[in-house]
Amino acid sequence: MSTVYFDALETREPEAREAALLAALPRQLAHAKAASAAHAARLAHIDPQSVTTRAALAQLPVLRKHELLEQQAHQRGGDPFAGFAACGWSALGRTRPAKRVFQSPGPIYEPQGGGPDGWRMARALHAAGFRPGDLVHNSFSYHLTPAGAMMEEGAHALGCTVFPGGTGNTDLQLQAMADLRPQGYCGTPSFLKIVVDKAAEQRTTLSLQKALVSGEAFPASLRDWLAARGIDGYQCYATADLGLIAYETQAREGLVLDEQILVEIVRPGTGDPVPEGEVGEVVVTTFDPDYPLVRFGTGDLSAVLPGPCPTGRTHTRIAGWMGRADQTTKVRGMFVHPSQVAEVVRRHAADVRRARMVVEGEMASDRLTLFVETAVPSEALASSLTVSVRDITKLRADITMVAPGALANDGKVIEDRRSYR
């Protein structure tokens, strides 16, 4: 295997990869039901052995982050993981010990299992050019949240040495870089720019040659700015709950999915997979034995890109982060949710393919218009859609019918165009 790839999994035939993921899926569902009380309740009426296709998986409920937050908050003082974790500590009745427990904004608590590189970050680091023996300056936070530990565990699995810089203290971090001369950087792209600018101001020569960044946007302009200063920067998409989801390669054409998760792109507000190329919410099922999340909705929007990566990696590529899926909007004192727009479409599935609710006007003078894609526009359809909108949202909306494919492919099902000046 060429050193271009982390392992042979990256170049398998797509059919072999899909078969392996779907073969592992029933086992993981059975484990989740047996090892975690929350999954036992959520999947009570599901036979794990029957979930052997993506279509069968799509029938399972999506667990969204706000639900996880609510369930954890409901159990404060009890199980901090709300019954979703298979690991923990003896007071929780767990026989599988957690290595660490973290707190992300919310707060949401996440366990780190006992296995090496449980967040699977080594693959992304390798794709970014990190190699055994490198010294990595890690400027992700080691405080409360798992970002610093995620990168450190991946770097260790790859055979790298890590300087745990953490966040802030720019002058001290720059001094460490000057003294230790690391080859690689992990952290946010904005902090890397601050460090590089500070080094230029102080006439300090940096040894950095490579970077893996995450946590915020990494525009091409900043990537090129870093490249002009000798730093080859790549980005990855990861979350505290799920670990690595996708990573950038030398092709710079989207992000390649990690090999050890199962990813779906679903219509916002639903659990329904969208066609390839259509923007939707990223939903992930992990095969982590310690924190087995099933159809976990990230709340992030993305889309599948056509074809394989030009580097020879054969897994699916996604476009990267394209916004947030939770477009809940308050109209005339009532909340309108993406799931409600999806329910309108469901009621008229024979005639309507997609819809978008647009809110316009000034404060206290809201106007609602439901745009629907249909090949059979009619007054009767408009009338029945009006009734459905009022029934589901308790609000009145105008109906505008457009041709199939006319609505923008950006994942939005609710668009707020109101002016607040």
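Modeller: Let us begin with pairing: two strands pair if DSSP finds at least two bridges between them. Please bear in mind throughout that this is a predicted model.

Colleague: What makes β14 and β15 a pair under that rule?

Modeller: Strand β14 and strand β15, the latter covering residues 317-318, are joined antiparallel over 2 bridges, and because the rule asks for at least two, they pair.

Colleague: Why are β5 and β14 said to stand at the edges of their sheet?

Modeller: The sheet is open and has 9 strands in mixed pairing, ordered β5-β4-β6-β7-β8-β9-β10-β15-β14. Both β5 (161-164) and β14 (304-305) have a single partner strand, so each is left with one side that has no neighbour in the sheet. Helix α7, residues 170-180, packs on this sheet and touches β4 (135-138), β5 and β6 (184-187), with its direction at about 175 degrees to that of β4.

Colleague: Which strands are the edges of the open sheet of 4 strands?

Modeller: That sheet has mixed pairing and the order β1-β13-β12-β11, and its edge strands are β1 (63-64) and β11 (261-266), each of which pairs on one side only. Within the sheet, β12 (residues 280-286) and β13 (residues 296-302) run antiparallel and are joined by 4 bridges, with Ser-302 in β13 as the bridge partner of Gly-280. Helix α1, residues 14-35, lies across β11 and β12 and runs at about 95 degrees to β11.

Colleague: What do β2 and β3 form, and how many residues lie between them?

Modeller: They form a hairpin with 3 residues between the strands, and Gly-106 in the turn has a positive phi of about 150 degrees. Strand β2 (residues 100-104) pairs with β3 in the antiparallel sense over 5 bridges, and Pro-111 in β3 is the bridge partner of Val-101. Strand β3, residues 108-112, is mostly covered, with 4 of its 5 residues buried.

Colleague: Why is the pair of Phe-81 and Trp-89 called edge-to-face?

Modeller: The count of aromatic pairs comes to 2. In the pair of Phe-81 and Trp-89 the ring centres are 5.8 Å apart and the planes stand at 70 degrees; the cut-offs are centres within 6.5 Å and planes over 60 degrees apart for edge-to-face, so the pair is edge-to-face.

Colleague: Which residues make the contact of α8 with α9, and how do they divide?

Modeller: In α8, Pro-189, Leu-192, Lys-193, Val-196 and Asp-197 meet Leu-222, Trp-225 and Leu-226 in α9, and these residues divide into 6 nonpolar, no polar and 2 charged. The axes of α8 (residues 189-201) and α9 (residues 220-227) come within 11 Å and cross at roughly 35 degrees, in a left-handed crossing.

Notes
Residues are numbered from 1 along each chain as its sequence is written. This is a predicted model: local features need pLDDT of at least 70, side-chain atom pairs count only at pLDDT 80 or more; totals for chains, interfaces and linings use all residues. Side-chain values use heavy atoms; hydrogens and water are left out. Axes are lines fitted to C-alpha atoms, for helices over the stretch in contact, and angles run from 0 to 180 degrees between N-to-C directions. A crossing is left-handed if the near helix is turned anticlockwise from the far one by less than a right angle, and right-handed if clockwise. Contact means heavy atoms within 4.5 Å. Ala, Val, Leu, Ile, Met, Phe, Trp, Tyr, Cys and Pro count as nonpolar, Asp, Glu, Lys and Arg as charged, and the others, Gly among them, as polar. Rings of Phe, Tyr and Trp (its six-membered ring) pair if their centres lie within 6.5 Å; planes under 30 degrees apart count as stacked, over 60 as edge-to-face and the rest as tilted. Buried means under 20% relative accessible area, exposed over 50%, partly exposed in between (1.4 Å probe, protein chains only).
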